[in-house]
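My plan is to look things up one at a time and jot down what turns up.

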Amino acid sequence: MKQTCPNCNTVFDCQVENAAACWCHKLPAIAPIEAARCLCPACLKEQVQEQIEQFVADFKAGKRPNIAPDYKRPGRPVEGIDYYLENGMFVMTSWSHLKRGYCCGSGCRHCPYPKG
């Protein structure tokens with residue numbers, strides 16, 4: 001079904017009838033999304049990234065427990081959410097580390113766990 005994004009007016013395909021097949025299910029459902037307010041892929045990804053940044057900041061500040069492992073899904077990691085590319089190398093994000101559930105002790109750049 002064709003939808004128009006309320007944020008940017010981009011027309012996109014929405015699979016609201018078959019939600020499990022929708023592209024939006026590749027992103028973590030960390031942000032409350034209004035069912036009647038579908039966003040285009042770019043706007044939804046941006047919203048999810050903002051929610052993840054806030055989640056990570058709150059976790060680092062001790063304001064919330066790590067529930068990121070609950071968002072593990074089978075399939076491939078999502079660029080911009082779980083990793084980004086830098087000089088041809090994969091760089092794992094804080095969200096990816098939180099989904100792992102523990103610090104691996106390798107001194108990762110974006111490790112959100114306390115040093116110690």
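Is Asp58 buried or exposed? I looked this up before anything else, keeping in mind that I am working with a predicted model. Asp58 is buried, with a relative accessible area of 14%, which falls under the 20% cut-off.

**Entry: the partner of Asp58.** I followed the side chain of Asp58 to that of Arg64, and the two meet in a salt bridge with an N to O distance of 3.9 Å. That sits within the 4 Å limit for a salt bridge. Arg64 counts as partly exposed, at 34% relative accessibility. I noted a reminder for myself: side chains of opposite charge can pair when their charged atoms come close.

**Entry: the overall layout.** Next I stepped back to the whole chain. I found two helices and four strands, and from the N terminus on they run β-β-α-β-β-α. Of the 116 residues, 33% are buried. I also looked up the accessible surface, which comes to about 7700 Å², with 52% of it belonging to carbon and sulfur atoms. Among contacts with a separation of 6 or more, 46% are between residues 24 or more positions apart.

Asp82 and Lys99 join their side chains in a salt bridge at 2.8 Å, N to O. Asp82 is in the loop between helix H1 (41–60) and E3, while Lys99 is in helix H2 (residues 94–100), so this pair ties together parts that are 17 residues apart in sequence. Both ends turned out to be buried: Asp82 has a relative accessible area of 5%, and Lys99 has 15% relative accessibility.

Arg109 forms a salt bridge with Glu86, and their closest N and O atoms are 2.8 Å apart. Because Arg109 lies in the segment after H2 and Glu86 in strand E3, the pair ties together parts that are 23 residues apart in sequence. Arg109 counts as exposed at 55%, whereas Glu86 is partly exposed at 30%.

Entry: Glu86 made me curious about its strand. E3 (residues 83–86) pairs with E4 (residues 89–92) in the antiparallel sense, over four bridges. Which residue stands opposite Glu86 in E4? I found Met89 there. Two residues lie between the strands of this hairpin, and I noted that Asn87 takes a positive phi near 55°.

Technical notes. Residues are numbered from 1 along each chain as its sequence is written. This is a predicted model: local features need pLDDT of at least 70, side-chain atom pairs count only at pLDDT 80 or more; totals for chains, interfaces and linings use all residues. Side-chain values use heavy atoms; hydrogens and water are left out. Buried means under 20% relative accessible area, exposed over 50%, partly exposed in between (1.4 Å probe, protein chains only). Contact means heavy atoms within 4.5 Å. Accessible areas come from the Shrake-Rupley method with a 1.4 Å probe; for residues, only the protein chains shown count as cover. Two strands pair if DSSP finds at least two bridges between them.
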